[in-house]
Amino acid sequence: METNFSLEQLRDDGLAEAEKILRTCVHCGFCTATCPTYVLMGDELDSPRGRIYQIKDMLENDKPAGPQLVKHVDRCLSCLACMSTCPSGVHYMHLVDHARAHINRTYKRPFADRLIRIILQTVLPYPSRFRFALLGAKLGKPFAGLIKAVAGSSQLGKRLGAMLALAPGRIEGPNTHSLPGSFPAIGESKIKTDAPKDKDGEPRKRLSKRVALLTGCAQPVLDSGINGATIELLNRLGYEVVLAQGEGCCGALVHHMGEEDQAHTQARANIEAWSREIDAGGLDAILITTSGCGTTVKDYGYMFRNDPLLKDKAAIVSDLARDISQFLEEINLPKPEKKLPRLTVAYHSACSLQHGQQVKTAPKTLLSRAGLRVKDVPEGHLCCGSAGVYNIMQPDIAGQLRDRKVANIDKTKPDLIAAGNIGCITQIGSGTEIPIIHTVELLNWAYGGEKPEKLKERS
Ligand code: SF4
Ligand code: SF4
């Protein structure tokens with residue numbers, strides 16, 4: 001795509017990066033076919049190509065964001081299906097992140113919109129505040145009808161309704177799997193695995209048999225069993241697992257809302273926390289069980305590319321970052337001694353895993369090896385509508401995508417659903433009675449751990 005940025009504009013590194021991305025787009029439109037918003041609405045302005053054109057016009061002409069552009073960029077899920085499809089390698093993620101930061105600087109949103117964004121930004125990334133808010137939502141659930149009647153079909157009313165609908169019945173308190181600490185390996189492992197790989201894909205030569213696990217912000221409040229199962233499994237495989245002091249939200253939630261400074265502050269804290277652990281005892285990997293966070297941690301190197309004090313540490317952290325399924329496949333987890341019952345599992349591939357991190361086969365391979373009958377979900381490339389806080393901010397589109405996802409899952413007639421992202425688990429779980437379980441909980445069960453709680457409830 002031809003661009004017309006001035007030399008003065010290109011002195012700004014962010015704009016120079018955006019320009020490079022824009023130039024790689026050849027406007028072929030292949031990306032439109034796999035974009036969930038284009039599939040639903042059929043409007044070019046709600047397609048990746050249409051958004052790229054609108055962003056180009058805004059940046060090139062140094063315009064403040066207008067309401068039309070904001071509407072179409074806000075409707076983007078950041079699912080990155082367009083990046084998987086694009087034959088030219090357009091880095092849409094970095095482009096839309098840049099556009100969102102520009103929107104934040106130049107556009108004044110309506111009051112109700114600002115209010116809900118502030119609430120989400122100040123609550124969700126902090127587990128204790130999130131816990132407190134969920135408690136309020138639980139108490140408010142019986143009044144959902146009243147709120148709907150008062151707020152009517154306004155956007156605010158719909159968003160409040162979505163928040164109440166997504167609030168879980170059970171809220172987890174802080175426990176040892178969500179607080180800083182170290183979990184030692186359980187002696188010499190009987191399960192023989194390979195060495196983890198370095199950034200060039202070669203087996204690591206100097207092993208510390210020690211990994212860090214991102215505790216995260218929302219996941220331990222919604223389901224602490226996921227990190228619990230991960231720690232147990234890794235300990236049984238001979239790894240010490242560290243929950244680093246000072247680590248917290250990865251920054252993804254606010255980053256996707258255009259809040260660059262807050263996202264960088266949160267990312268910086270994580271980089272420093274893991275760097276201290278690397279210095280103290282070495283780390284073979286930094287493991288992430290929420291794939292939405294994994295995409296962001298793997299991008300820290302890019303986020304801090306111009307920070308002379310942090311860029312090396314950030315690059316090391318990004319190189320060490322692995323989704324848990326990616327790591328278990330990398331160390332060549334062997335077949336378990338005793339296979340699981342032959343249950344049929346619909347594997348839901350989270351967008352952040354399949355498109356953001358390009359991790360597509362590892363979870364399915366591991367689940368099959370464990371003895372489960374794994375089925376792909378039709379239209380598996382389409383988002384379930386979760387996308388961070390999208391299901392709260394865009395409840396209509398998110399609801400349509402969820403219903404479409406659940407209908408596609410039903411076609412596989414599964415006994416259970418497996419997924420690697422708490423956002424998807426919450427979103428899909430709000431539309432089906434079929435148990436939906438994190439991949440690592442099923443793997444922990446296969447390799448000597450407890451049966452996942454959600455399956456126990458069924459038997
Ligand atoms: S597929 Fe890639 S090159 Fe083609 S229009 Fe979409 S973003 Fe541009
Ligand atoms: S990130 Fe997803 S919703 Fe956004 S333009 Fe790309 S495919 Fe469409």
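## Exercises on domain and helix contacts

In this model, 9 residues of domain 2 are in contact with 12 residues of domain 3, where contact means that the C-beta atoms, placed from the backbone, lie within 7 Å. The model is predicted: local features need pLDDT of at least 70, side-chain atom pairs count only at pLDDT 80 or more, and totals for chains, interfaces and linings use all residues. Residues are numbered from 1 along each chain as its sequence is written.

**Exercise 1.** Determine which elements give two or more residues to the side of domain 2 that touches domain 3.

*Solution.* 
1. The automatic or database assignment places domain 2 at 116-166 and domain 3 at 181-330.
2. Helix 9 provides the largest share, 4 residues.
3. By class, this side has 6 nonpolar, 1 polar and 2 charged residues. Ala, Val, Leu, Ile, Met, Phe, Trp, Tyr, Cys and Pro count as nonpolar, Asp, Glu, Lys and Arg as charged, and the others, Gly among them, as polar.

**Exercise 2.** Describe how helix 13 meets helix 25.

*Solution.* 
1. The axes of helix 13 (residues 225-236) and helix 25 (residues 439-446) come within 8 Å and cross at roughly 40°. Axes are lines fitted to C-alpha atoms over the stretch in contact, and angles run from 0 to 180 degrees between N-to-C directions.
2. Helix 13 is therefore oblique to helix 25; angles under 35 degrees count as roughly parallel, over 145 as roughly antiparallel, 65 to 115 as roughly perpendicular and the rest as oblique.
3. The residues of this contact comprise 5 nonpolar, 3 polar and 2 charged.

Definitions and conventions
Chains are lettered from A and ligands numbered from 1 in the order in which they are written. Two residues are in contact if their C-beta atoms, placed from the backbone, lie within 7 Å.
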